Amino acid sequence: MWNYYPELLATPVPRYTSYPTAADFGPLEPGAIERAIAGVDGDVSLYLHIPFCEKICYYCGCNTGASGKRARVETYLAALHQELATVASLLPSSARVRRIAFGGGSPNAIEPHEFMALVEALHAHFPLRAPEWSIELDPRSLTAEWGHLVREVGITRASMGVQTFAAHCQKAIGREQPTAMICRSIDWLRSGGVTSLNFDLMYGLPHQTMVDLADSLEHTRMLGADRVAVFGYAHVPHMVPRQTMIPEAALPGAEARFAMAAEAHAFLTANGYEAIGFDHFALPHDPMARVTRDGTLRRNFQGFTDDPAEVLIGMGVSAISGFPGLSAQNDKHNGRYRALSAEGRLSANHGIARSAEDALRGNIIEALLCRGEAQLPPVLTGEVAERLEPFTARGLAELAGTTLRILPGGLPYARVIASLFDSYRAVTQRRFSSAI
Ligand code: SF4
């Protein structure tokens, strides 16, 4: 049972897929990403960004464009191939690639043969060590051929943008995908060997009711998604102009959004799913549930993860890389990214070098979001004690000595509690969404 305290959710907060967050990135020293890649030792994860979709959804805040412009897709993929070769040439021989993720956009918006060419380039250039392959997919552009390709590559993890099964909500967000289309996609992916299938669901959508949400959750359960991510729609048309297509008056209010988040949590945990942090759920057999139980769940640029690697190299326009002391983002402008990549140069010109204090605060934020508990150094205990009071007084968190614990009713406030350790906030809050 969650209680609604609007005053505690009034301030927008980041999702903390890194600390410092991408909003705090600034210009990087020339050569920073090259030095970071050259210093890699041991396990590495790779992320390839495909910034195209067959149809653009009205709500989408991602860096993506329509895949119909073939020349644009082809020049982008040529630049991505060049970047793969450049990154691989910098990696030392001690590096081992254990995970490869394709995201976007929608990786299945490119042609299957173009996708296979990227897979072949990865095999040719990188030291792959039985990597785990994962992919984000749009059911609207999925075909049986992609199911075969999933098997051929050895992809075992897939994430589908489902969002809602309610047809009227789908229409309002510009993403119409009948249930039969989703079922057909699941069949192709399961027969292709996918053992961990994630559904992204959303609440707070235009015209969405509690009945709509309950129906989507029931479909999700029946269709056997191994993982479910439940996100609140963030309506920020001042930052994402395409969202002006969504009528603001049709959006559920803050209290209704809170009730929806609570309903999703209650339904999924009552139906065999384990809660992963504040907005993810997984069936007990799924690796994400296993790492949550053993206390090794992590957070990286892709969200909650069971990936233990300290290095994630992102490739493609706007992709973010994470190293122990550095976050670096590729150029967000497609033309500049392509031009630099074509010259054999890496485009990561923005990011942040993490200080010792950043690392300390980042570890606390990650521990709170992943494990609901963190050990605080005495200096920070004093700093946040007063600001924690609204949460401890309402039974949402407890501070016992130097141990800060988020209590069960405090889960919807986890991001807000974590933000108390963020020394960069205060300046850029308008860029973020409500924690619920
Ligand atoms: S399919 Fe996904 S990435 Fe593409 S426009 Fe829709 S929400 Fe955005």
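This is a predicted model: local features need pLDDT of at least 70, side-chain atom pairs count only at pLDDT 80 or more; totals for chains, interfaces and linings use all residues.
Local features here need pLDDT of at least 70, side-chain atom pairs count only at pLDDT 80 or more, and totals for chains, interfaces and linings use all residues. Residues are numbered from 1 along each chain as its sequence is written, and side-chain values use heavy atoms, with hydrogens and water left out.

Around the ligand sit C53, K55, I56, C57, Y59, C60, T64, G105, S106, D138, R140 and R175, each with a heavy atom within 4 Å of it. Sorted by class, this shell holds 5 nonpolar, 3 polar and 4 charged residues (nonpolar: Ala, Val, Leu, Ile, Met, Phe, Trp, Tyr, Cys and Pro; charged: Asp, Glu, Lys and Arg; polar: the others, Gly among them).

Turning to the helices (DSSP runs of H or I, at least four residues, numbered from the N terminus), the axes of α3 (residues 112–125) and α4 (residues 144–153) come within 11 Å and cross at roughly 10°. Axes are lines fitted to C-alpha atoms over the stretch in contact, with angles from 0 to 180 degrees between N-to-C directions. That crossing makes α3 roughly parallel to α4 (angles under 35 degrees). On the α3 side, P112, F115, M116 and V119 meet E145, W146, L149, E152 and V153 of α4 (heavy atoms within 4.5 Å). The residues of this contact comprise 7 nonpolar, no polar and 2 charged.

As for the second largest pocket, its lining splits into 11 nonpolar, 8 polar and 6 charged residues. Helix α11 gives the most to that lining, with 6 residues.

Definitions and conventions
Helices (H or I, at least four residues) and strands (E, at least two) are DSSP runs, numbered from the N terminus. Angles under 35 degrees count as roughly parallel, over 145 as roughly antiparallel, 65 to 115 as roughly perpendicular and the rest as oblique.
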